[in-house]
Amino acid sequence: MWIAIGSLTVMGIVLGALLGVAAKFLAVKENPLEEELKELLPGSQCGQCGYVGCSQYAAALAKGEASVTLCTPGGKATIEALAKKLGVTADTSEHEEKLPEHAFIVEDLCIGCTRCIRECSTDAIMGANKLMHTIIVDACHGCAKCVKVCPTDAIVMVPVKVTLRNWHWPKPNIEQTHAEHQAGHAH
Amino acid sequence: MSITIANKSAPFAHGVSSVRKTMFLVLLALTPATLFNLYLFGWPAIMLFTVTVAACLIVEAGCLSLAGKPVMATLADCSALLTGWLLAMSLPPWAPWWLGVIGAVFAIAMAKHSFGGLGQNVFNPAMVGRTVLLISFPVAMTTWIVPYPLFSAGAPGFIDALAITFGGQMPDAVSSASALGHIKTELSRHIPVIQSMADVPGLTDMLLGYRAGSMGETSAILILAGGLFLMYKRIISWHIPLSVMGGLFVMASIFHLVDPAKFASGTFHLVSGATFLGAFFIATDYVTSPVTRTGQLIFGVGCGVLIWLIRTFAGYPEGVAFAVLLMNALTPIIDQYTRPRAFGRNRKGEPLPLEKRP
Amino acid sequence: MKLFPIRGGIHPDYRKELTSDKAIAALPMPATLYIPLQQHIGAPAEVLVKEGDMVKKGQMIARNQGTVSASQHAPTSGRIRAVAEVTAPHPSGLPQSTIILESDGKDEWAELPEPITDPFAADAHTINERVSQSGIVGMGGAAFPSAIKLNLGEQKKLDILLLNGAECEPYLTCDDRVMREYPDAIVDGARIMAHALGTPRVIIAIEQNKPQAIEIMTKAASAFPGVEVIGVPVQYPMGSERHLVQAITGRETPARKLTADLGVVVHNVSTARAVHDAVRFGRPLVARVVTVSGGAIREPKNVLTPIGASITDLVGFCGGFAVRPESVVNGGPMMGQPLPGLDAPVVKGTSGILALTAGEINDNPTSACIRCGSCITVCPCGLSPVDMSAFIRKDKLEVAAKLGVMDCFSCGSCSYVCPSHIPLVHYFNYAKGVLNDLERERQKNERIKTLAEVRTIRIEKATEAKRAALAARKPAADSAAPGNAGEPKATTEEKANA
């Protein structure tokens with residue numbers, strides 16, 4: 001019996017060592033992943049994820065330290081792209097509550113200080129010194145950086161409006177239709 | 001003026017089909033064969049049938065209420081009734097009552113509800129029930145009797161029947177072997193098929209059902225009529241029944257030609273055992289068979305070949321239940337590989353090439 | 001002529017007899033018309049009028065803008081009350097920009113463009129220009145601007161103009177009536193379109209459940225050797241463009257290609273009539289025939305309706321509701337859109353207004369899928385609704401996309417046959433909406449990324465330029481008087497920050 005135990009122990013040690021050596025020398029360089037992840041992020045460095053910028057978030061993602069759902073401006077499309085790249089399933093349930101938003105300038109309050117224009121990473125704000133500013137909705141991805149710098153709180157975030165162009169059918173609620181039907185039968 | 005809430009997308013027209021109607025038609029198709037068999041095997045069969053069906057309904061109701069699903073509404077879809085019915089038809093007619101109850105528990109609770117209820121089960125519930133019983137209680141499950149039609153001489157009366165079904169008092173003299181079982185036993189005693197065939201009922205009796213067997217095994221002709229009715233009503237298509245019978249017939253016929261002493265003929269295989277019930281009512285179960293026509297053909301041929309293999313080489317004389325269960329396991333993968341080709345795309349899902357026009 | 005089979009399909013209860021034998025009746029001009037700027041696929045038209053303007057019938061009141069768009073014309077003479085947001089004929093009940101026109105009761109025509117006297121001598125461009133000017137869109141329901149489809153002849157070699165008179169949707173008979181009452185106009189319009197497209201053949205396909213239309217159209221076409229009328233089998237959805245082309249030519253349009261790539265251009269029969277009116281008389285599209293039907297309508301009719309008439313007026317003209325409808329549908333029952341109310345106007349793509357009772361709809365609560373496979377058997381696109389809906393229900397939209405949900409054109413056959421009454425098409429519409437949203441979001445993210453990158457480069461360049469300027473100025477600043485030291489100091493700070 002001792003021979004059996006001994007030989008198994010030796011085998012275990014040898015094979016374990018072999019695996020260890022292999023892991024060290026045949027390791028896949030992980031850096032490319034970081035680059036690829038960075039590619040998927042909006043690149044506007046808004047910092048809403050809690051990291052300084054997109055690169056830092058990408059690095060944290062690559063190390064597995066951050067959740068894929070942190071990028072608010074990127075929306076669901078970005079979350080899914082990140083999740084696919086990392087091979088994880090994204091829990092988008094929490095994210096869905098936050099609808100896409102864009103910035104809106106309350107014209108009466110704007111003093112034309114241009115601070116927001118300098119802050120905007122996508123050049124989505126038009127205007128000049130002492131003149132009223134406006135947001136180009138198509139270029140605004142809702143990072144809300146401008147909201148923070150506005151000295152007169154003239155910028156607010158508003159949900160992207162549902163129009164005939166972007167409306168779509170909601171997911172059918174089978175349970176609900178069932179209940180409705182039964183209610184219908186009751187009276 | 002607000003008329004309605006537009007909360008449902010088109011279409012605003014629906015066909016008349018429903019799950020309940022479908023199940024009901026299947027039950028209707030089974031009724032002639034069932035009535036004939038209940039007549040053929042008398043009161044004990046009627047009692048066992050009632051107990052089995054009732055047990056299935058009770059177990060279904062219990063499972064539904066445990067799962068928090070609407071009990072009455074779901075029972076009304078008749079699916080548990082059909083499972084119980086088919087299970088009862090696969091039992092020896094004079095079997096004790098507890099066989100039906102145990103079968104019901106396995107069929108409904110284990111095979112159906114532990115997978116998530118109607119539509120979610122991988123295996124045919126009735127066949128799971130039957131198979132569990134066959135493996136666990138081989139003697140009770142293979143004690144066949146010769147028919148004693150209701151009110152005929154020697155047929156058990158109502159009181160006798162109570163003793164048979166609920167008292168476990170099986171009269172000795174009546175038991176008999178089924179044709180498939182007989183041939184198998186004789187073969188094991190090195191008596192060739194040609195010789196043992198002489199003892200089994202003739203083709204006409206086999207077709208009409210005047211022979212020993214479970215309720216679904218006898219009366220091939222009434223089962224066939226029911227199957228044709230379902231085809232006429234478009235509840236089932238020809239693909240599964242024909243391919244099951246075709247697979248079985250071709251396999252049996254080839255081997256019969258090679259060595260008639262060892263292998264029974266294709267015709268014998270077709271009319272004996274539960275071939276017709278299996279081909280028309282068991283293998284065609286929507287939930288556990290493939291959804292595409294091509295898949296159904298593959299599934300059917302697989303069932304047919306497996307039935308023959310099991311009957312011929314395995315330890316059991318009848319193989320319909322095993323064959324169907326084995327093919328049930330393959331259904332998901334058959335479905336995945338037989339998806340139809342989408343319009344304007346090739347099998348891989350790529351757009352078709354644009355043909356050069358003349 | 002030999003026809004080719006198409007896959008799947010269903011045979012619903014057609015109920016066309018409610019309206020098929022009633023002649024087209026004209027709706028008395030309503031006091032107010034609501035003309036949406038967008039009644040078509042593409043960009044909304046640009047308003048040409050303002051509050052208080054007086055317009056004449058047929059006058060252009062909104063001009064097409066961009067490549068895919070269509071103009072709008074005043075359906076009667078009167079005064080523009082406003083350009084405002086009005087409920088759209090859409091399930092969401094959302095509003096859209098709409099011109100509100102008050103009729104002056106005179107119904108006076110504006111000065112119309114000159115008729116094209118010999119269209120067969122005119123070049124394709126002239127005809128397309130006229131069709132575009134007249135605001136004509138596909139009248140089968142999709143409302144795609146027709147002029148763009150007529151331009152296809154310039155890019156591709158075409159063989160057949162296929163005129164779609166299949167009208168496979170239950171209840172609808174407007175095309176049937178138009179064919180029976182205006183056969184010559186349709187044949188003439190078709191020949192003009194074929195001339196513009198450069199197709200030698202015109203095939204008019206009509207489902208065989210309209211024998212009178214087939215007979216009348218055959219007679220009208222008999223004078224012209226290039227025009228054939230073909231009765232096609234009654235099988236929903238025969239009227240789908242791609243499937244009709246397959247039935248007639250036997251060829252399957254590859255995914256992401258057009259039927260024009262096979263040399264076939266499909267137009268609706270009513271569109272041909274509109275082209276005839278525009279070319280021969282200079283009349284723009286200001287009215288259309290709408291089937292008003294369904295079990296809840298007291299007197300079902302085919303109504304010649306000015307564009308912009310409110311659905312309330314239309315229903316009123318047909319005797320109102322006999323019973324309370326379960327649903328009011330814009331279009332046919334299979335592919336139409338439910339309407340949340342009757343406020344919305346009739347638009348160019350409105351083929352029918354159906355008020356359906358619960359009995360006609362015959363919907364039931366959803367129960368578990370029993371995997372019967374009927375949906376696969378009937379799907380004309382060869383998809384697997386059973387699998388796609390299961391994945392969508394579990395929010396695995398990318399798998400559904402892989403299975404081809406974007407190829408589904410929501411014909412409704414699967415939902416129709418489903419014994420478990422699973423809202424399959426609703427699942428697919430939802431999935432298509434979300435997938436389109438994601439695609440839009442992805443495109444926006446791309447754009448944002450480019451913008452952010454451009455900005456980064458610009459800032460870098462600016463900093464670089466500043467640094468260079470500073471370096472150039474430094475010796476000068478050093479030699480300057482110490483009293484002026486404030487500025488350079490600030491610059492150094494800024495430099496440190498950078």
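Modeller: Happy to. In this predicted model, strand 7 and strand 8 (residues 95-103) of chain C run antiparallel and are joined by 9 bridges. Within that pair, Val83(C) has Ile99(C) of strand 8 of chain C opposite. Strand 7 of chain C, which covers residues 78-87, also pairs with strand 4 (residues 54-55) of chain C, again in the antiparallel sense, over 2 bridges. There, the residue of strand 7 of chain C that stands opposite Met54(C) is Arg79(C). As background, strands of a sheet pair through backbone hydrogen bonds, either parallel or antiparallel.

The parallel sense turns up elsewhere in the chain: strand 13 (residues 287-293) of chain C and strand 17 (residues 352-356) of chain C pair that way over 3 bridges. Val292(C) has Ile353(C), in strand 17 of chain C, as its bridge partner. Both strands belong to an open sheet of 6 strands in chain C, with the order 1-14-13-17-15-16 and mixed pairing. At the edges of this sheet stand strand 1 (25-26) and strand 16 (337-338) of chain C; each has a single partner strand, so one side of each is left without a neighbour in the sheet. Helix 4 (residues 174-181) of chain C lies across strand 13, strand 14 (301-306) and strand 17 of chain C. The angle between helix 4 and strand 13 of chain C is about 125°.

Arg15(C) sits in the segment before strand 1 of chain C, and its phi is positive, about 50°, although it is not a glycine. Arg15(C) counts as buried because it has 21 C-beta neighbours inside 10 Å, where the cut-off for buried is 20 or more. Arg234(B) is found in the loop between helix 11 (220-232) and helix 12 (239-258) of chain B. Here the neighbour count is 11 inside 10 Å, so Arg234(B) counts as exposed.

Two cis peptide bonds deserve a glance as well. One joins Tyr236(C) to Pro237(C), with omega near 0°, and Pro237(C) is placed in the loop between strand 11 (227-232) and helix 7 (241-249) of chain C. Another joins Ala10(B) and Pro11(B), with omega about 0°; Pro11(B) is in the segment before helix 1 (19-67) of chain B. For context, most residues other than glycine have a negative phi, and most peptide bonds are trans.

Finally, chain C has partners. It meets chain B through contacts between 39 residues of chain B and 60 residues of chain C. On the chain B side, the residues that touch chain C divide into 20 nonpolar, 13 polar and 6 charged. With chain A, 27 residues of chain A are in contact with 27 residues of chain C. Helix 4 (75-86) and helix 8 (174-186) of chain A are the elements that give two or more residues to the chain A side of that contact. That side of chain A is made up of 10 nonpolar, 14 polar and 3 charged residues.

Methods. Residues numbered from 1 in each chain as written. Chains lettered and ligands numbered in written order. Predicted model: local features only at pLDDT ≥ 70, side-chain atom pairs only at ≥ 80, totals over all residues. Pairing = 2+ DSSP bridges. Helix = DSSP H or I, 4+ residues; strand = E, 2+ residues; numbered from the N terminus. Contact = placed C-beta atoms within 7 Å. Axes fitted to C-alpha atoms, helices over the stretch in contact; angles between N-to-C directions. Nonpolar A, V, L, I, M, F, W, Y, C, P; charged D, E, K, R; others polar. Buried ≥ 20, exposed ≤ 12 C-beta atoms within 10 Å, placed from the backbone.
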